Structure formats: C-alpha cells, structure tokens
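Work through the exercises below with the structure open. Each task is followed by a solution in steps.

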Amino acid sequence: MTIPVPIISGPMAIEKEWIDYNGHLNMAYYNVLFDRCSDQAFDLMGMGPNYVKERRLTIYTAEVHVCYLQELHLEHKVNVSFQLIDHDEKRLRAYQEIRHVDGWLAATSETLSLHVDMDGPKVAPFPADVLGNIEAMRAAHAALPMPERAGRSIGIKRKSA
C-alpha cells in the first residue's frame, strides 16, 4: 500500500447550497469537506464503505476542534489534507487542513475517532489487519512535523488588571 504523506484530496468545489446568508461557506460544510478527505484516509486503512457492511465495524467521531481562518466562497476550489498524528488500539487522532487551491489556509480540524463494533454499538479494538494498516500510515506520517495548530484548546484570554 502506497501511503501519501500527508493524504491530500483532489480539488473540491464549494456547492451553491452550502453558502449561507452571510455569503460564504456555512460552518457545517467545512466539516463535510474534512469528512470527504477522511473517508479517503479510512479507505486506505481498510475501513472504507464496505467495512461496516462486511465486518459490522466502523468509525465514530468522538471529538472535533475546527478553526475557521479565512472565508470560503462559491467560486473557490479547495484541497483537504489528512495527517494521522496518533493512535492506539481503539482510537485515531488526526489533523486536517482545508487550503484554497492557491495555497492559503482556510480552516483546520483536529479529530478524535473511535473504532466501534456495531453489534453493541461499543468501542472495540481494531482488527489485526486494519491495525497493521493504521501503524503503516502512522509510521509514514511520523516523518511530518507535529502541526503547529494541533492540540489547541478553546478559552478566553483575560488581560490582567
């Protein structure tokens, strides 16, 4: 399996229905773009569309932190990246960026995903073959630096009196 470092989607268009009353991409659709790229990564790890049908196993998102940095508009085209930055026997931690095809950064996302046995549903370990694919992707992505924007938290900084 050849693993892109990082995984980068092909160009994606902004759809007319995604534009909100402010004239830019509605916040929910940034997640649609991130999700479409994540699906490419999950497929490479052996957890594509047939995974739930054939094995009754899947991925659930447990936590997402999105930072919106620059507005996207209908005429824009973007690429989305996926970098696997950590994993254990039941979880994946990934970092993603949406970049305009001209290269500027529009948004980032950091996600914690859980591997789930649909017969519960309950969190369950990855099967050995899938874990091997995850470990291969993590090893390939370990060559990338830790993203500067990874691990951010939300808070209001107060000026001291």
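Helices here are DSSP runs of H or I with at least four residues, and strands are runs of E with at least two, numbered from the N terminus. The model is predicted.

**Exercise 1.** State how many helices and strands the protein has, and give their order.

Solution. Counting by that rule gives three helices and seven strands. Read from the N terminus, the order is β-β-α-α-β-β-β-β-β-α.

**Exercise 2.** Compare the radius of gyration with that of a compact globule.

Solution. The globule rule is 2.2 Å times the number of residues to the power 0.38. For 161 residues a compact globule would come out near 15 Å; the protein has 17 Å, which agrees. Along the principal axes, the C-alpha atoms fill a box of roughly 45 × 45 × 35 Å. Of the 161 residues, 39% are buried. Among contacts between residues at least 6 apart in sequence, 71% join residues at least 24 apart.

**Exercise 3.** Check the span of helix 1 against the expected value, then describe its ends and its buried residues.

Solution. Helix 1 covers residues 27-44, which is 18 residues. The expected span uses 1.5 Å times one less than the number of residues.

Just after the helix, Gly-46 has a positive phi of about 90°.

Buried means under 20% relative accessible area. In helix 1 the buried residues are Tyr-30, Leu-33, Phe-34, Cys-37, Ser-38, Ala-41 and Phe-42. An α-helix has 3.6 residues a turn, so residues three or four places apart point the same way.

Conventions. Residues are numbered from 1 along each chain as its sequence is written. This is a predicted model: local features need pLDDT of at least 70, side-chain atom pairs count only at pLDDT 80 or more; totals for chains, interfaces and linings use all residues. Side-chain values use heavy atoms; hydrogens and water are left out. Buried means under 20% relative accessible area, exposed over 50%, partly exposed in between (1.4 Å probe, protein chains only). A polar contact is a pair of N or O atoms within 3.5 Å; within protein, one must be able to donate a hydrogen and the other to accept it, and residues adjacent in sequence count only if both atoms are side-chain atoms. Contact means heavy atoms within 4.5 Å.
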